[in-house]
Amino acid sequence: MKKLDRLILRSFIGPLALTFTLSVLVLLMQFVWKYVDDLVGKGLEFTVIAELLMYASATFVPMALPIAVLFASIMTMGNFGEKYELVAMKAGGVSVRRVMMPMALVALLLTGMAFYFANNVMPTAMLKYRMTLYDITRKKPAVNIRPGEYYKELDGYVIRVGSKGKDGRTLQDVIIYDHTRGMGEMNVIVAQSGTMQATPDNRFLIFALNDGYSYTESTLGDNYERRPFSSIGFRQQTITFDISSFAYNKTTEDIFKGSYQMMNIHQLDTAIAKLDSSLARRYSQCGTDLYSALHAWPRCREAGDSAAVAVTATLPTLLDSLPANVRKRVASYARNAAQSAGSQAEMYAGMVESDREYINRHHIEWHRKFTLSVACLLLFLVGAPFGSIVRKGGLGLPLVASVGFFVLYYVVGMISEKAVRESAIGPEGMWISSLVMLPIGIILTLQATTDSSLFDSSSWRKFFQRIFGKSR
């Protein structure tokens with residue numbers, strides 16, 4: 001490897017690693033901001049949160065790699081142009097295409113790595129991520145009974161304590177509202193003091209109450225007649241609450257394993273084939289049911305006088321040959337059959353639309369594994385020549401340009417994905433964003449290799465002067 005290649009790779013890989021790390025962190029911060037309410041106040045261990053963030057970060061890799069390649073290529077070529085290193089390379093007989101070649105090889109390598117990651121690592125990471133997030137969101141907040149507040153997280157109970165000791169277990173002025181017996185019976189427990197302690201397996205919370213009363217009043221019975229009010233005093237009383245739902249329990253993989261986001265290319269092909277067969281059976285069943293609902297003439301004959309009706313006659317002749325009362329019954333049956341067929345058609349239309357959308361989601365995931373991988377190479381073809389043309393390094397212009405190009409790519413991709421999901425276009429529509437960026441990259445590459453002053457205002461002024469001069 002020549003010294004020039006080492007210089008170019010060293011200048012490119014540094015910003016690439018930095019930008020990739022920042023992109024993952026930004027996407028991760030967005031994720032944390034979205035689910036912060038589900039993470040705070042549940043007493044989760046650090047290892048659980050770290051595991052969730054690790055799996056979430058892995059799911060952001062296919063999106064962060066194209067951003068990193070785009071930003072690093074603009075920044076590297078912009079630095080070469082701003083420091084006149086690019087001019088020195090050209091003076092030494094090295095073309096812009098030759099300067100871009102080492103970075104292009106890295107981008108091509110990243111394209112292959114991105115596809116391998118999306119096809120092999122991403123399904124497993126997404127499965128673990130969904131499982132961990134589901135377990136965390138399902139877990140209830142940790143038991144935290146604060147003095148002077150009504151605690152309602154325990155199913156069927158409302159607890160209020162006047163004060164708590166420094167040990168967090170000793171309680172004073174305890175009031176427990178018991179609603180487990182239904183709305184017709186009121187049970188209130190009042191105690192002067194007590195202790196609160198969880199069992200070693202954290203499945204039960206035990207309240208040991210001292211010096212209190214248990215008040216019960218029931219309104220159950222005929223005509224909601226109020227039953228006698230009862231009050232029972234106690235020296236000591238123990239109440240056990242089930243807090244097993246507050247524990248962090250891991251679910252099995254079978255719940256999420258069948259999702260299209262947890263499949264590789266081969267699994268998606270198999271799933272799409274099965275779904276297509278199921279949709280074909282749905283169409284066949286729809287045709288059979290509609291034909292049965294609309295082919296109502298044999299039953300119409302049963303409604304009339306079959307002896308007076310000829311099967312070979314036309315429908316108007318048959319209707320005219322029927323008595324008035326029979327003709328009315330036949331028309332009523334035909335109208336009901338048509339309404340039933342219309343309802344069945346609407347039902348099948350909704351089912352077919354839902355099946356098509358589910359199949360389209362599989363196609364979208366299949367194509368996304370390729371489009372996000374190819375985006376690394378396409379955005380490099382946009383970023384490297386753009387940086388050599390503008391000749392601006394640092395973080396300012398490269399960052400703005402990177403955001404602009406990637407927003408264009410992302411917005412077009414989201415629009416095309418929605419169109420594919422709604423069956424407005426075929427699954428190949430997932431490549432529209434790539435087809436939009438490809439000519440931009442080709443034009444910028446041609447402009448950079450021919451030393452065109454694309455962003456020079458004087459060149460554009462001369463260009464329009466020549467056009468207007470010819471028009472005159």
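## Aromatic rings: worked exercises

The charged end of Arg-160 lies over the Tyr-150 ring, 5.8 Å from the ring's centre. A charge sits over a ring if NZ of Lys or CZ of Arg is within 6 Å of the ring centre and within 35 degrees of the ring normal. This is a predicted model, where local features need pLDDT of at least 70, side-chain atom pairs count only at pLDDT 80 or more, and totals for chains, interfaces and linings use all residues. Residues are numbered from 1 along each chain as its sequence is written, and side-chain values use heavy atoms, without hydrogens and water.

**Exercise 1.** Find how many aromatic pairs the structure holds, then classify Phe-12 and Phe-380.

*Solution.* Start with the rule: rings of Phe, Tyr and Trp (its six-membered ring) pair if their centres lie within 6.5 Å; planes under 30 degrees apart are stacked, over 60 edge-to-face, the rest tilted. The structure holds 13 such pairs. The centres of Phe-12 and Phe-380 are 6.4 Å apart and the planes stand at 75 degrees, so this pair is edge-to-face.

**Exercise 2.** Decide whether Phe-12 and Phe-380 are buried or exposed.

*Solution.* Buried means under 20% relative accessible area, exposed over 50%, partly exposed in between (1.4 Å probe, protein chains only). Phe-12 has 0%, so Phe-12 is buried. Phe-380 has 1%, so Phe-380 is buried.
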